[in-house]
Amino acid sequence: MQPDLHARIQLIDTQTAWPADLETIAGRADIAMVLRLVCTAMARRYSFLIRRLGATSALAASWDAEAAASIVSFDLDEADPFSFVCLVAGQRLAVVAWRPIVVDGGDWWLGVADHGSDRSGTADNELLSGFAELIALQLGEAVPSSVGRARQSNPAFAPDDAARALIEAIPAAVAVIDADDRFVMWNLLYEELCGPIVPVLKVGLPFAEMLRVAAREWVKHPTLYDEDWIEARMALHRTASSAIDCQIADGRWMRIKERRLSTGGMIGLWTDISDSRAREGSLRQLFDINPMPMIVADSTDDRILAVNEQALALYGYARHEFMRLTITDIDAAGARHVLRAIALDPDALGGITPVWSLKRVDGSLRQVEMTSRAFTFDDKPAELIVLRDITQQRVADADLRHTRAFLNSVVDAIPTSVYAKDMQNGGRYVLFNRACMELSGQDGDQAIGKSDWELFHPNQATRFVAQDEQALRAGVMQIFEETITRSSGEKRLIRTKKVPIADREGGAVRFVLGLADDITARRDLEAKLVRMAHHDPLTDLPNRILFQQRLEAALALSARTQAAVAIHYLDLDQFKAVNDTLGHAVGDALLKRVSQRLLSTVRHVDLVARLAGDEFAIIQTGVTDAEEVVVLAERVIDLMGMPFDIDGHRLTIGVSIGIALGPRDGSDPSTLLKNADTALYRAKEDGRGLFRFFEASMNSRLHARRAFERDLRRALVDGEFEISYQPLVNLASGEIAGCEALLRWRHPERGYVSPAEFVPLAEETGLIVPLGLWVLRKACATAAAWPAHIRLSVNISPRQFRAPMFVDTIVSALRDSGLPPERLELEITESVLLVENAGNVAMLYRLREAGIGIALDDFGTGYSSLSYLRSFSFDRLKMDGSFVRDIGLNAESHVIIRAILGLAHSLGMKIVAEGIETEEQRDHLQTLRFDEGQGYLFSSPRSATEIDILIASAPFVLDDDGANRKTGLS
């Protein structure tokens, strides 16, 4: 067997071997044309040249005219074969082997040039295709149907030795089939290739029969080549030209190319493509596993030739669906012409990678970058299209833009001024938020890119730059407070935190971030809060806290100067009555006026403070003589004794003063103030409107009072209180109409304590609230056993009346005792009504709605009793006993009593006379037609047991000494 053509051509420096029978080729006149047709494709490995020996021109079939010119430039007068290297422009171009041949009886040279292309598989295929054309033209219709492969045992083949020699010279398996689709000729390489099916290979063998034998015994995987495949293969065989790859039994891959002859027959060439297939397999594997979506498209008709899994996943198609499409079918954005331009020239868009909208099978769109490169795929001009899905990146970019915009909005919305300076660029601003604009008065857009020197006054800019440099040197946050001048000229106090920031992690410090707050209002507020913390909100006088601080400073100064400090502790006399009767508004106005008068009595070095409700204090410093203290105390008492005109009321109060001298009466503020307080109690006990200096003996009296207060608190817990009941008598019938519950205290050591002594203290300390509740519950439980016509009267203090849930407490006591509401009557004084008038009247109506009776006690002794009779219709008026004492003694009292009686009856109220002690008083009241009376004439307050006996013995029948004849009680 002859070496293949490729191997023979490579033997250029030793000997180029040619098949001997090549010289006897019986050519035709158009053989040069055939050879030219063989080499029309670009980038082929081989080119052919035919030249008549001694002729001055040659017929060249080369794609490279310059190379052809170089080849034919030699004078071919030699008769021996030779080889040479052809150089073009100094580059190794080709190795050419020449061999003389005889064509049409003339002497010709046949040249075959090896251009050294790396695309040997494709080149060999084209070379073999060229030889097939040559065979077709050589044989034409001269090939008889009985001609088979040349064998020595078949002399009938002799006339066709030229055709036999030609196909044997082809370095590939070749078979010729006639118009009846039967085998007529094949070469030795084809026979060797057939292997297992050689026994059935014979001239006249139908191609279809040969195909079935091959599918069964010759291919690598027979199960893959079934009847369907055979049918498809036959359909391909019937076409003018076809190509198909298959793997044979020994594992090699063969490419079968068939060309229809003008006679109707066919030539088939079998080429071993195992190497190229392996390379293609590697490339295809890289193509398939590439993480980038890739598509191969035919450049001529846009058919899709190949697609990898990533592209299928991107588009959402199945492979068989996708392979039926064209690029135009999947080109939603009309990018085809751009991709073709990029394929031909990668720099067509100036280096810009275009972004397109890709339409998936479900109709959704994806954003992709696409690039394209031209190449040859399966011998076809094609384009490799590479896609990069940037949808998520676009979303991320949009999110990033949104985030940046959001962050910019956040920074702009921050109420704190935020700015940043590039310290490597002259301290120019790179960030300037809205709050910073408002604070500085600068326009943010104009501030960006400018320095402090361009925006602010030189003095101000100098301070800002110095602060920046300090922050850079320190490397940590620095805090500054300063006053700036806005562009409008307004001055503001700002507090700035300046933080040095690196341009990247681990990099050098480049920026200064500033966070500035306008603290002008805050400082004003802090000053206001400090003043509020140290001053009384009503009078704006120093409060107890500031008083203590100033007193401590005054005592320290006294220790250095030996001058005394006097503390005047003041308590307003009768202020509580004003506050209770005329209301808090009048009381507050009075306190303000008192403050003004006190300030007018002292020196500027002295201090006037309000310590509590109606308690004031004066610090008198630099005292060298006690007479100075007396003068000031007397001046204060005189000034406070003068009337005050408040809201149409002419009010007269007074003041009591307790005085302590430091350091004699105490060297610290607490002791000195406590002793002044003790002296104040002494002044009030001595008659009010007085001043008293502290004396050591005062402490014992103060201690006694405090012990009395402790006893009062303990008495409620230990059950030392009792309730007595005094009857309310119907003056017309003598029947008991009701009983008033009166609180009594049986002290374990002092015996009975007068209510006049402990009730004011209970009211002052707040103990009156739990005491009153105890009285209410116990009295209701006692009265529940009385006859149904007898009511219970209970006194209610102003403090009780203002207690939370007061009405609910009354209702609860009635419910728990079983006493009907209409049998309970609450007695209140005018002071209850005068405090928070509207709210208290509303409370009275709530009690009325609950069925509880309301009586106005001590009528006629207050400031404005008559005005409240219009606000609320009381069930009963109780005339104060002071009017009863004077009845019958002077005409004025008689007139007042008649007026009170007429007023009550005209308003539909019953009237009760308190303090009846004589029959004459009773007779006068009966004559005047008073409804009820109360007093010792009828009965003193009795225990619950005694009042039961008294109720059972009524009506009252009095003897000459005033004793009840039925009970014997007096």
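The expected span of a helix is 1.5 Å times one less than its number of residues, where helices (H or I, at least four residues) and strands (E, at least two) are DSSP runs, numbered from the N terminus. This is a predicted model, in which local features need pLDDT of at least 70 and side-chain atom pairs count only at pLDDT 80 or more, while totals for chains, interfaces and linings use all residues. Residues are numbered from 1 along each chain as its sequence is written, and side-chain values use heavy atoms, with hydrogens and water left out.

**Helix α24**

- Helix α24 covers residues 669-685, and because its 17 residues at 1.5 Å a residue should span 24 Å, the 24 Å between its end C-alpha atoms agrees with that expectation.
- At the start of α24, a side-chain oxygen of Asp-668 comes to within 3.3 Å of the backbone nitrogen of Ser-670, a polar contact being a pair of N or O atoms within 3.5 Å, where within protein one must be able to donate a hydrogen and the other to accept it, and residues adjacent in sequence count only if both atoms are side-chain atoms.
- The buried residues of α24 include Pro-669, Leu-672, Leu-673, Asp-677 and Leu-680, where buried means under 20% relative accessible area, exposed over 50%, and partly exposed in between (1.4 Å probe, protein chains only).
- Just after α24, Gly-687 adopts a positive phi of about 130 degrees.

**The five-stranded sheet**

- An open sheet is formed by five strands in the order β12-β11-β15-β14-β13, with antiparallel pairing, and two strands count as paired if DSSP finds at least two bridges between them.
- The edge strands, each pairing on one side only, are β12 (304-307) and β13 (355-359).
- From one strand to the next, the twist averages 35 degrees, with axes being lines fitted to C-alpha atoms, for helices over the stretch in contact, and angles running from 0 to 180 degrees between N-to-C directions.
- Helix α14 (residues 391-413) packs on this sheet, touching β13, β14 (365-377) and β15 (380-389), and its direction makes about 140 degrees with that of β14; contact means heavy atoms within 4.5 Å.
- Strand β11 (residues 294-298) runs antiparallel to β12 and is joined to it by three bridges, with Ala-297 opposite Ile-304.

**Strand β20 and its partners**

- Strand β20 (residues 509-518) pairs with β16 (residues 417-422) in the antiparallel sense over six bridges, and Val-418 has Leu-515 as its bridge partner in β20.
- Strand β19 (residues 491-502) also runs antiparallel to β20, joined by nine bridges, and Ala-502 has Val-509 as its bridge partner.
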